Amino acid sequence: MDLRWLLIPVSMLLALPALANDDPVELVRQTTTELFELVEDNREQYKENPGLLRDELADILKPRSDLIHSARLVLGRHGRGLEREQVEAFAEALSDMLMRRYATGLLEFRSREQVEVLPLSGDNTERMTRVRTRIVLDNRQRIPIDYVLRKRDGEWLVFDVIIEGISYVTTFRNQIGEEIRRDGFDRMLERLQRGEIEVDVDIEVDNSNAG
Amino acid sequence: MRPAIVRSLAIALVAAVLAGCASTAAPPEQRHPDDPWEPFNRSVHQFNRTADRAVLRPLARGYDRVTPDPVQRGVRNFFRNLRSPVIMVNLLLQGRGGELESEFQRFVTNTLYGVAGVFDVASAGNIDKPEGDFGQTLAVWGWEDSRYLVLPLLGPSTIRDSVGRGVDTVPDVAWRLAYQEGSFFLVGLNVVQMRAGLLPLDAELAAAYDEYIMMRDGWMQRRNHLIFGEDAELPDYDAWLDDDDWEDW
């Protein structure tokens, strides 16, 4: 008996993340929905074991992001003369730190909070595009979270996230650039790998600016 | 008493700025393009942090400890409402008619039904909460880029926003009281309650490799977002990739 047909659904499942990849808006919508569902369904389990959430997040997010590109942007001119392996190790460490932060952040959101994905606007090109989303909090505050994507080999991949105007790449770039300038690349990488570098891009609820 | 305090603060500040010559600032060609005065700014930052640790943070922590959250929220709402005229003037100057209307509604609603602004009835009624200040107005009028400047005691700013801050004290009720009646109670309470709101950031600042850069960066990006909102440009990513050898990656 030929059981090869059983493989078809499996291979379709494997191909699923790539399905929506022509359309960056759809990609972001799918991904945020998946993430929020994941957290909703397993919240208690994740609270006990944050490492589990981190791993599952990485499974969802890594194929849809271009971390090497983010790493190159963060390094800028400090990346000159580095070996490819060094940049890859840096990108890996960066992504571990991001997943850790993201996992803690996601657990803090509650189910009532909704995500709106806005249609494209502004100057988007064939190569780069910005997808705007809004998270609606309990108090009706809408927090803008934008994803910046680039097209590589026909696929849209996220390389920066901008929360309330604060870009992860920009923030890392300035912090880590300063650290490399003073201590050198290798020491910075060690610290990052040991989890000693944290860069926060926090959502500040109800921030006023009086004074 | 007061002049003596002012004098010793001034001396401490001058000393800090002079000591800044030996600071860790990057050489001029490597500095952030909007922060050419980094050595000076670092010194003032250092001075501010010292003053904060000695005076403001202890006050803010005390306030935070003795004041229940609902009361803190009420105080925050009260000051937001008190500043509403400043916001309205600036929304008008920036030609933001729709938001001016919301702010007017918000001001009337919260002043009348929210007990002088203590309760934010307007937000519950889904009325928008725009922000406006004179630094922003100057930016809308064309002064878009301005050098980063750390002000003694007041913290991160730019030349443009320092000018804006000064102008904004004119229609500000709390500052009018201070100027005309010599009563600094409201201004002081506002500073303490705002600092209390920023207490959670202290841990992050302490964990930063370089807290000066973290503060500058966070402030500049947030400010940019406040001024340009949805229209804010993306960072200039392409300019950051200066190594063409990697094009084939």
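Analyst: Start with H2(A) and H3(A), which are roughly antiparallel to each other. This is a predicted model. Why antiparallel? Angles over 145 degrees count as roughly antiparallel, and these two helices pack at about 165 degrees. H2(A) covers residues 24-48, and H3(A) covers residues 50-61. Their axes lie 11 Å apart. The crossing of H2(A) past H3(A) is right-handed.

H2(A) brings Thr31(A), Glu34(A), Leu35(A), Leu38(A), Gln45(A) and Tyr46(A) to the contact. From H3(A) come Pro50(A), Leu52(A), Leu53(A), Glu56(A) and Ile60(A). Sort the residues of this contact by kind: seven are nonpolar, two polar and two charged.

Next, move to where the chains meet. Chain A puts 29 residues into the contact, and chain B puts in 36. On the side of chain A, the elements giving two or more residues are H4(A) (67-75), E5(A) (166-167) and H6(A) (168-183). H6(A) gives the largest share of that side, eight residues. By kind, the side of chain A that touches chain B holds seven nonpolar, eleven polar and eleven charged residues.

Follow H6(A) across to chain B. Its partner there is H12(B), residues 211-228. The two axes come within 10 Å and cross at roughly 160 degrees. H6(A) and H12(B) are therefore roughly antiparallel to each other. H6(A) passes H12(B) in a right-handed crossing. Thr170(A), Thr171(A), Asn174(A), Gln175(A) and Glu178(A) are the H6(A) residues here. They meet Ile213(B), Met214(B), Asp217(B) and Gln221(B) of H12(B). This contact divides into two nonpolar, five polar and two charged residues.

Chain B also has a hairpin. E1(B), residues 148-151, pairs with E2(B), residues 155-158, in the antiparallel sense over four bridges. Tyr148(B) stands opposite Thr158(B). Three residues lie between the strands, and Leu153(B) in the turn has a positive phi of about 65 degrees.

Last, check the confidence. The model scores ipTM 0.72 and pTM 0.78. Chain B has a mean pLDDT of 86, with 90% of its residues at 70 or more. Within chain B, H1(B) (residues 2-19) is lowest, at a mean of 66. H4(B) (residues 84-93) is highest, at 95. Where pLDDT is low, the predicted coordinates should not be read in detail.

Note on methods. Residues numbered from 1 in each chain as written. Chains lettered and ligands numbered in written order. Predicted model: local features only at pLDDT ≥ 70, side-chain atom pairs only at ≥ 80, totals over all residues. Pairing = 2+ DSSP bridges. pLDDT = per-residue confidence, 0-100. Contact = placed C-beta atoms within 7 Å. Nonpolar A, V, L, I, M, F, W, Y, C, P; charged D, E, K, R; others polar. Axes fitted to C-alpha atoms, helices over the stretch in contact; angles between N-to-C directions. Parallel < 35°, antiparallel > 145°, perpendicular 65-115°, else oblique. Left-handed = near helix turned anticlockwise from the far one by under 90°.
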